[in-house]
Amino acid sequence: MSEQRAPAPDRDPGVEQILRARQDGSHVARKLPGPVAWFDLRNRSTGHLAFSLNRITGLGLVFYLYLHLGVLTLLLGGEDSWNGFLEVATLPLFLGLDVLLVFGLLVHGLNGTRLALVGSGYVPNHQKAMFWSLMVFGAIVLVYTALHVFGGE
Amino acid sequence: MAARAEHERASRSRSWRWTAITGVSLLVLVTIHMVAHHFVVDEVGGLRTYQHVLDYVSTPIIFVIEGVFLVAVTAHAMLGLRSVLLDFGLSERWRRLADRGLVVLGIGTVVYGFVLIGVLASRA
């Protein structure tokens with residue numbers, strides 16, 4: 001049964017540990033594979049944290065993709081329909097959601113860049129240093145974006 | 001058994017490669033998209049007005065860029081969703097079903113997106 005589930009290179013590293021522990025009854029800190037384990041931060045390394053962040057932000061961005069297509073559909077309703085949306089979209093709450101979107105894009109994009117570079121062998125495997133360096137860079141861009149979003153008229 | 005394992009390994013490798021290729025291309029395309037839509041526009045808190053949107057998407061080069069962006073983002077999203085589903089340790093049967101479902105969803109998304117861009121560009 002479990003040999004049908006070959007480990008994928010981008011699969012949660014904890015999944016194999018969990019599946020093995022289920023078979024031989026040994027201890028595992030995280031009980032479930034998949035989304036439940038993404039939120040379980042017990043005994044987690046930076047790599048696991050990065051993996052979980054990538055999954056969570058990825059799902060958020062997929063949700064946003066369809067929300068965005070839905071919002072753009074309002075354009076088919078003409079100028080009045082679009083103007084109605086613009087009034088709502090410029091409320092502080094929605095501007096805050098814009099900043100949240102940029103946060104998701106930065107975390108997912110920068111962490112994905114790290115994964116692509118390390119995974120393809122273009123850079124040495126200094127995962128932890130790369131992850132935190134990119135997150136600091138992302139935080140700076142996020143602050144700039146937030147100032148632009150809330151400061152610009 | 002060995003042939004199936006080899007097939008799965010090749011499939012995972014292909015999936016990872018395309019996730020990386022679409023991901024890297026998205027870094028460029030998302031930056032263009034975000035800057036063009038939200039950072040160079042002065043009106044309404046950085047959002048384009050109705051006429052601005054029509055003029056923007058009807059520009060041939062922008063139409064092409066937005067089209068490539070749509071395809072890349074959808075492919076990346078479907079590959080990502082597939083990875084998430086694999087985290088659940090799906091059986092072979094459910095995995096095949098998920099693959100087909102994601103292909104249908106991806107094609108539907110791209111077709112709808114192109115219809116949307118096409119209709120808006122034709123109104124300019």
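Predicted model: local features only at pLDDT ≥ 70, side-chain atom pairs only at ≥ 80, totals over all residues.
Residues are numbered from 1 along each chain as written, and chains are lettered from A in the order written. Local features need pLDDT of at least 70 and side-chain atom pairs pLDDT 80 or more, while totals for chains, interfaces and linings use all residues; side-chain values use heavy atoms, without hydrogens and water.

**Exercise 1.** Find which residues the salt bridges of Glu92(B) join into one network.

*Solution.* Let's start with the term: a salt bridge is a side-chain nitrogen of Lys or Arg within 4 Å of a carboxyl oxygen of Asp or Glu.
- Step 1: Glu92(B) pairs with Arg95(B), the closest N and O atoms being 3.4 Å apart.
- Step 2: Glu92(B) also meets Arg96(B) in a salt bridge (3.6 Å, N to O).
- Step 3: Through these shared partners, Glu92(B), Arg95(B) and Arg96(B) form one network.

**Exercise 2.** Work out which parts of chain B the salt bridge between Asp99(B) and Arg82(B) links, and whether each residue is buried or partly exposed.

*Solution.* Take the distance, then the place, then the cover.
- Step 1: The two side chains meet at 2.7 Å, N to O.
- Step 2: The pair links distant parts of the chain, with Asp99(B) in helix 4 and Arg82(B) in helix 3 (residues 60-86), 17 residues apart. Helices here are DSSP runs (H or I, at least four residues), numbered from the N terminus.
- Step 3: Buried means under 20% relative accessible area, exposed over 50%, and partly exposed in between (1.4 Å probe, protein chains only).
- Step 4: Asp99(B), at 25%, is therefore partly exposed, whereas Arg82(B), at 13%, is buried.

Key:
Helix = DSSP H or I, 4+ residues; strand = E, 2+ residues; numbered from the N terminus.
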